[in-house]
Amino acid sequence: MTHPAKPDNILGRLLRHNVSLGQMLGYALSNLIGLVIVITAMQFYRDVMAATGAEDSFIASDYMVISKKVEGLGGTAPFTPAEVADIKAQPWAASAGAFKTAGFNVGASVEMGGGSLSTALFLEAIPDEYFDITPEGWADYDPASGQPVPVVISKDYLTLYNFGFAASRGLPQMSEQLMGAMPLRLMLSGGGRSEWMPARIAGFSSRLNTIAVPERFMDWANARYGDGGEADPSRLIVRLSQAGDPEAMEYIRAHGYETAGDREAGGKTAYFLSIATGVVAGIGTLISLLALFILILSIRLLLQKNRAKLHDLMMLGYTPASIAALYRRGILACNAAVLGASCAAMTAASLAWRPAIESLGASGASLWPTLLTALALAAAVTLTAFAAVSRNIRSAFR
């Protein structure tokens with residue numbers, strides 16, 4: 001005995017017979033190309049920007065040290081509170097911190113090869129959020145504890161010692177680990193007091209060209225050995241809203257300020273990369289929108305072509321929701337395949353350029369944010385297509 005076909009199967013065969021396979025393939029291909037471009041550009045940008053924290057990165061990070069120019073023998077004037085407030089109020093400045101300087105005399109002595117090496121020294125401090133490293137025992141250091149003072153120095157200083165001072169004096173060159181293990185003492189004097197304090201080199205900074213101590217220690221030492229006043233800062237560290245923002249460089253040039261190191265060239269590289277990535281992602285988004293427009297237009301034309309058949313289906317008792325559900329299933333299956341293929345293509349591309357990223361000392365960024373973005377974009381396109389199908393079918397049934 002032959003069982004009659006289910007109404008949904010009959011309706012499905014009828015609608016599939018009138019759906020253009022070429023139009024669906026054109027939509028799928030266009031949507032695939034657009035989504036691949038968007039998420040691949042996003043992942044490439046995230047992978048490259050992950051290398052900004054690596055040593056000797058060719059892209060500057062979003063931090064910049066600002067100072068005033070030195071004029072003749074007169075030195076440089078500090079930043080006034082009004083100037084600091086003006087910099088913080090700029091749209092390109094996410095935040096700004098001041099360098100605190102030691103208002104007392106500082107000397108250092110280090111034991112080396114059975115002898116000691118002594119020198120005058122300078123110390124500075126900045127808020128912890130601006131450091132590129134977090135040494136152990138730094139944030140919670142208590143000056144009254146008697147523990148060695150943690151000191152962070154620039155990696156450039158270690159390079160200068162190894163290949164400049166040590167090479168010319170016949171002294172041994174030292175690694176970061178060996179330098180950090182050497183006994184160090186600080187001589188602090190001023191305000192009628194003078195005493196030695198134990199210290200240790202806790203880390204080496206690629207971002208800061210200074211010799212830094214915890215801000216809490218600097219406040220304590222200035223109160224104990226200084227004159228008790230707080231001097232205006234001569235240098236500021238600014239976290240930029242966007243690395244290499246040209247408005248920041250225009251502001252600095254207009255006010256006669258200087259930036260530490262060759263930050264402008266690296267910042268321009270990062271800014272250009274962000275612009276290029278945005279343009280590529282915009283092109284991919286445009287392609288995806290055009291693909292969606294093609295799909296909606298195809299559905300509209302199909303419904304117009306089969307308006308009589310839809311009217312017959314309505315007379316047979318079919319509702320707009322039942323017909324729209326079949327179209328939605330096809331769109332959902334098509335977009336799911338596009339999503340899977342685009343994520344696979346993006347992952348393959350990321351794995352292809354990952355060795356080059358790792359050669360810069362970075363491991364690359366996680367794929368999950370990009371995959372979630374792809375899912376969100378595919379969901380947005382699918383829901384938009386669902387709404388367009390429902391609207392067009394309802395209008396065809398009127």
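**An enclosed strand and its surroundings**

Author: Start with strand β8, residues 184-190: 6 of its 7 residues are buried, so the strand is largely enclosed by the rest of the structure. Buried means under 20% relative accessible area, exposed means over 50%, and partly exposed lies in between, with a 1.4 Å probe and protein chains only. Strands (E, at least two residues) and helices (H or I, at least four) are DSSP runs, numbered from the N terminus.

A word on the source. This is a predicted model, in which local features need pLDDT of at least 70 and side-chain atom pairs count only at pLDDT 80 or more, while totals for chains, interfaces and linings use all residues. Residues are numbered from 1 along each chain as its sequence is written, and side-chain values use heavy atoms, with hydrogens and water left out.

Back to β8. Its partner is strand β9, residues 193-205. The two run antiparallel, joined by 7 bridges. Strands count as paired if DSSP finds at least two bridges between them. Strands of a sheet pair through backbone hydrogen bonds. Look at Leu-186: it stands opposite Met-197 in β9.

A salt bridge is a side-chain nitrogen of Lys or Arg within 4 Å of a carboxyl oxygen of Asp or Glu. The pair ties distant parts of the chain together: Glu-195 sits in β9, Arg-224 in helix α6, 29 residues apart. Arg-224 is partly exposed too, at 32%.

A salt bridge joins Asp-219 to Lys-100, with 2.9 Å between the closest N and O atoms. Asp-219 lies in α6, residues 215-225, and Lys-100 in strand β3, residues 100-101; they are 119 residues apart. Asp-219 is partly exposed, with a relative accessible area of 38%. Lys-100 and Asp-219 also belong to a network of salt bridges with Glu-215. Across the whole structure, a search finds 7 salt bridges.

Here is another of these bridges. Glu-124 meets Arg-235 at 2.6 Å, N to O. Glu-124 is in strand β6 (124-125) and Arg-235 is in strand β11, 111 residues apart. Both residues are buried.

Ser-67 stands opposite Glu-258 in β12.

Now compare some single residues elsewhere. Thr-370, in helix α11 (368-396), counts as buried at 0% relative accessibility. It touches Ile-39, Met-42, Gln-43, Arg-46 and Met-346, leaving aside residues up to four places away in sequence. A contact means heavy atoms within 4.5 Å. Pro-81, in helix α3 (81-88), is exposed, with a relative accessible area of 59%. Pro-81 and Asp-232 are 151 residues apart in sequence, yet 7.5 Å apart in space, C-alpha to C-alpha. Leu-301, in helix α8 (263-305), is partly exposed at 48%.

Finally, step back. The protein chain has 11 helices and 12 strands. Buried residues make up 41% of its 398 residues. Among contacts with a separation of 6 or more, 80% join residues 24 or more positions apart.
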